[in-house]
Structures are given as structure tokens and as C-alpha cells.
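Student: I am new to this structure and would like to learn how to read it. Could we take one feature at a time?

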Amino acid sequence: MPTWGLVVETTVGTGERKHIEAHVVAHVTGTREEALAELERRARSHSPEHPRSPQRRRLLRQDDGFLLVVDGAWQSFGTRFTVAELLEDSAAPAAPEPVGTASAGPAAPPPEPAERQVERYADGVPVKPAWLGRDDLP
């Protein structure tokens, strides 16, 4: 059974700072129709932060989801609800590789020794810079 990601792309900010942010709000394991039904339920009950004083609300169906357009007194704000099949998730627990099969990709580098392992943010950048605490620097 495939896993579907429910993606919400919404307008945030106002004026020149207005931009779109995307979030995967849930996963649905099942058919595409089941995922679309859950997505529609979420789209119908969604209450966006902007506009503060909504004048008109329109929910439109698309092939892969829904588009919610809310008109305010001065501006319109859109929220797109999309269903997409999950193909890969770097945060998912790794499944054990079957015994006797070779991996298709290049071998992973050996882990760093315990004394050299450093705490890193999700994007791989060290939390503590390597130069911090060195006495051989000016």
C-alpha cells in the first residue's frame, strides 16, 4: 500500500513580505482516493491565519488536491492542499537490508570515532564551530 503525504502550501506574511510556505501535515497509507478524502476534510475545516477579516472563501477542486482562496478587505490569500505519493523520507527508520544482497549505491563512509563525533543540525552544519576553543588561532 502506498503512503501519501498531505501537503499544505499557504500564503504567510503581508505586503512585500508575503510568501508561500509548504508543510507536510499528515501521511495516509492507503489508496489515493482515501488520501484525497482526508485532504478534503482538512481543506474544508482549514482556517488560515490571513486574512484577519475574511470577506469571501472559495474551495476549488484540482486533479491532485484543492485550492482555498480567501479574500480579505485588501488582499486575497491562497492555500493549496496537495496529495503526493511518498517516495523517500530521510527521517524514516531504515529498513534492514536483506542478507546476501549488495547495495546499489556507493558505500557509506565509516562513522567518525566517538571522540570526533560532533553534534549537528538537521542540515549537517555543526552546532559548535570547529574553531571554537582552539588555542592555536589568533
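**Strand pairing and burial**

Tutor: Gln62 has Gly65 in strand 4 as its bridge partner. This is a predicted model, where local features need pLDDT of at least 70, side-chain atom pairs count only at pLDDT 80 or more, and totals for chains, interfaces and linings use all residues. Residues are numbered from 1 along each chain as its sequence is written, and side-chain values use heavy atoms, with hydrogens and water left out.

Student: In which sense do strand 3 and strand 4 pair?

Tutor: Strands are DSSP runs of E with at least two residues, numbered from the N terminus, and two of them pair if DSSP finds at least two bridges between them. Here strand 3 (residues 56-62) pairs with strand 4 in the antiparallel sense, over seven bridges. The two form a hairpin with two residues between them.

Student: How many bridges join strand 4 to strand 5?

Tutor: Seven, and these strands also run antiparallel. Gly65 has Thr82 as its bridge partner in strand 5. A hairpin of four residues joins strand 4 to strand 5.

Student: Is Asp71 buried or exposed?

Tutor: Buried means under 20% relative accessible area, exposed over 50%, and partly exposed in between (1.4 Å probe, protein chains only). Asp71 counts as buried because its relative accessibility is 14%. Asp71 lies in strand 4 (residues 65-71), where seven of the seven residues are buried.

Student: With which side chain does the side chain of Asp71 make a polar contact?

Tutor: A polar contact is a pair of N or O atoms within 3.5 Å; within protein, one must be able to donate a hydrogen and the other to accept it, and residues adjacent in sequence count only if both atoms are side-chain atoms. The partner of Asp71 is the side chain of Arg58, at 2.7 Å.
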